[in-house]
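These are my notebook entries on a structure that I am reading for the first time. I set down what I looked up, topic by topic.

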Amino acid sequence: MKQDTQSITNDEPNDGVLLPIGEVSALTGVNAVTLRAWQRRFGLVIPARTPKGHRLYTSGNIQEIQEINTWLAKGVAISKVKPLLMSAAKLSSEMIESQVVDLWGEQIIALNAALFDFNQHKLQQILDDAFGLYPFQLVKEKLLQPWLNQLDDLVDERLDAELILAWLKSELLSRVGGRYAFTGQAIAARMAVVQLSRGAATPPSSTRTKSLFSLLLLLELSSLRVSVIDLGEQTIGCLPLLQGRLNVDALLLIPDPNHSGSEQTEMLTVLAQMSFPCRFVGPFAPTLISLSAFWAPSMTDFIGQMPSRSVGKVNRSHKGKGKSIGVSQSEQGNSGENNDIS
């Protein structure tokens with residue numbers, strides 16, 4: 001038995017209900033790989049263990065996770081959280097502020113440097129550290145969204161702008177799709193993603209914005225154990241051709257800015273024909289005022305409303321066009337904890 005865990009016996013009191021790591025992950029938003037890394041590297045959130053070595057978490061563990069998330073949201077690095085948990089009641093505001101660093105700003109600068117140099121190892125290392133040590137929603141809010149939002153302006157005047165974005169897309173797609181679902185856990189849903197295009201009427205700047213958002217969306221869906229089919233750019237008129245040919249729980253649509261009234265009417269007609277839910281997402285979705293009933297502002301809430309799937313592993317052979325996003329090698333190999341007993 002490892003020394004950083006406590007064994008459960010019939011003679012020892014426990015803290016009420018004991019939860020396995022998968023349920024704790026769903027409850028707190030901190031994935032199992034991250035919880036194991038916190039325990040192994042920083043001595044945080046020490047669970048009990050069954051005689052067979054499986055982790056079981058108490059209500060006290062869950063409260064500790066919530067406190068850790070609070071500190072992380074304030075800008076404290078995970079490596080500096082433990083002393084704050086142990087003596088939070090005694091800390092002055094000055095002491096707390098001294099632990100807050102511009103962690104995410106530094107990471108954005110490092111990501112840009114790696115991107116412009118096409119430095120694959122550095123880019124993936126930064127992302128590995130972020131995804132391995134922090135909850136995805138925090139990484140999304142503090143790192144990915146700010147980084148991708150400013151990237152369009154950074155590359156706008158560069159001659160190699162399209163090359164940079166193509167390389168970035170390749171690198172991010174290599175991570176997408178299997179962070180949980182392809183390691184034996186049941187998938188939460190299967191979804192297809194379409195970037196709606198109006199052909200020549202689509203401004204190049206909005207195409208780039210949609211493409212960057214699409215990458216962020218695919219990463220988020222991956223973190224939520226969603227199997228994704230990326231259908232790329234399509235016109236609204238192509239969507240009915242998916243009927244009866246695509247086995248998905250939902251279709252996510254990334255629209256252009258400022259679709260005309262007639263285009264929105266066509267969209268409404270098409271959506272009424274679809275046999276699976278369709279939702280608009282992305283920075284331009286709020287411009288579709290007449291289609292507000294089809295907005296999906298929160299992926300977590302949207303997926304939570306879907307019936308649970310009784311699927312152990314993802315079926316990689318989907319019908320229909322598009323690319324089914326597969327296992328990320330970096331996710332499989334990230335942290336020595338992947339082979340640890342749950």
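**Entry 1: cavity.** How many cavities of 30 Å³ or more does the structure hold? I find 1 cavity of that volume. I use the term for a set of points, on a 1 Å grid over the protein atoms alone, where a 1.4 Å probe fits but cannot get out. A volume is the space filled by probe spheres set on the points, which are joined across faces, edges and corners.

I note here that the model is predicted, that local features need pLDDT of at least 70 and side-chain atom pairs pLDDT 80 or more, and that totals for chains, interfaces and linings use all residues. Residues are numbered from 1 along each chain as its sequence is written, and side-chain values use heavy atoms, with hydrogens and water left out.

I list its lining, meaning residues with an atom within 4 Å of a point, as Lys-169, Gln-195, Ser-211, Ser-214, Leu-215, Leu-218 and Asp-230. Helix α10 (residues 204-223) contributes the most to this lining, with 4 residues. Helices (H or I, at least four residues) and strands (E, at least two) are DSSP runs, numbered from the N terminus. Sorted by class, the lining has 2 nonpolar, 3 polar and 2 charged residues. In this sorting, Ala, Val, Leu, Ile, Met, Phe, Trp, Tyr, Cys and Pro are nonpolar, Asp, Glu, Lys and Arg are charged, and the others, Gly among them, are polar.

**Entry 2: helix packing.** At what angle do helix α7 and helix α8 pack? I read about 145 degrees between α7 (residues 120-133) and α8 (residues 136-155), with the axes 10 Å apart. Axes are lines fitted to C-alpha atoms, for helices over the stretch in contact, and angles run from 0 to 180 degrees between N-to-C directions. On the α7 side the contact (heavy atoms within 4.5 Å) is made by Leu-123, Leu-127, Ala-130 and Phe-131, and on the α8 side by Phe-136, Val-139, Leu-143, Leu-144 and Trp-147. By class I record 9 nonpolar residues in this contact, no polar and no charged ones.

**Entry 3: salt bridges.** I searched the whole structure and found 7 salt bridges, each a side-chain nitrogen of Lys or Arg within 4 Å of a carboxyl oxygen of Asp or Glu. Asp-152 is bridged to Arg-208, with the closest N and O atoms 2.5 Å apart. This pair links distant parts of the chain, since Asp-152 lies in helix α8 and Arg-208 in helix α10, 56 residues apart. Glu-162 also forms a salt bridge with Arg-208, at 3.3 Å between the closest N and O atoms. Glu-162 belongs to helix α9 (residues 161-173) and is 46 residues from Arg-208.

Is Arg-208 buried or exposed? Arg-208 counts as buried because its relative accessible area is 13%, buried meaning under 20%, exposed over 50% and partly exposed in between (1.4 Å probe, protein chains only). Glu-162 is exposed, at 53%. Asp-152, Asp-156, Glu-162 and Arg-208 are linked in a network of salt bridges.

**Entry 4: backbone.** Which value of phi does Val-45 have? I note a positive phi of about 55 degrees, although Val-45 is not a glycine. Val-45 sits in the loop between α2 (32-42) and β3 (48-49) and is buried, with a relative accessible area of 1%. Arg-225 likewise has a positive phi, near 60 degrees. Arg-225 is in the loop between α10 and β6 (226-234) and is partly exposed, at 27% relative accessibility.

Conventions:
1 Å grid on protein atoms, 1.4 Å probe; cavity = no way out; pocket = protein on both sides within 12 Å on 5 of 7 lines; lining within 4 Å.
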